[in-house]
Amino acid sequence: MPIEMELQPWLIFSGKGPDATIATWQIAHIETPAIAMFTSESHAHEYAQAHCVETSRILQLDPTRFIRVLVEAYRAGSRYAAVDPHAESARQVFVLREVLTAAKRVLVSDRG
């Protein structure tokens, strides 16, 4: 599957510019929360209404910008990403380092 299809989830942001933060989801027994990402705008909207500030923005970034957000989140200490999280569970949880390694492999192979 092309990278464009795999790496275009919906994300929730609060704030703007360098102070913007991405919505997270707390995994039980893990100190740092996971990045919350969603397979549809409606899933993101439901989560934002329940867990985020009123001024949150829901965006679907292009794959390159999405990877940059993941890299920055990893540098800031995030280690996981959760797909379609809600109260007690998520559809899937990924190890962020593995996602970034796979993305790098795909991007390098697309160049060559």
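The following legends describe views of a predicted protein model.

**View 1. Fold of the predicted protein.** The protein contains four helices and seven strands (DSSP runs numbered from the N terminus, with helices being H or I of at least four residues and strands E of at least two). Their order along the sequence is α-β-β-β-β-α-β-α-β-β-α. The radius of gyration, taken over C-alpha atoms, is 14 Å, close to the 13 Å that the globule rule gives for 112 residues, so the protein is as compact as a globular protein of that length; the rule is 2.2 Å times the number of residues to the power 0.38. The C-alpha trace spans about 45 × 30 × 25 Å along its principal axes.

View 2. Ser78 is placed in the loop between helix 3 (63-75) and strand 6 (80-83). With a relative accessible area of 14%, Ser78 is buried (under 20% relative accessible area, 1.4 Å probe, protein chains only). Leaving aside residues up to four places away in sequence, Ser78 touches Pro33, Ile35, Ala73 and Leu96, where contact means heavy atoms within 4.5 Å.

**View 3. Packing and surface of the protein.** Of the 112 residues, 34% count as buried. Among contacts with a separation of 6 or more, 66% involve residues 24 or more positions apart. The protein exposes about 7400 Å², of which carbon and sulfur atoms supply 52% (Shrake-Rupley method, 1.4 Å probe).

**Notes.** Residues are numbered from 1 along each chain as its sequence is written, and side-chain values use heavy atoms, without hydrogens and water. Local features need pLDDT of at least 70 and side-chain atom pairs count only at pLDDT 80 or more, whereas totals for chains, interfaces and linings use all residues.

Technical notes. Buried < 20%, exposed > 50% of the residue type's maximum accessible area, 1.4 Å probe, protein only.
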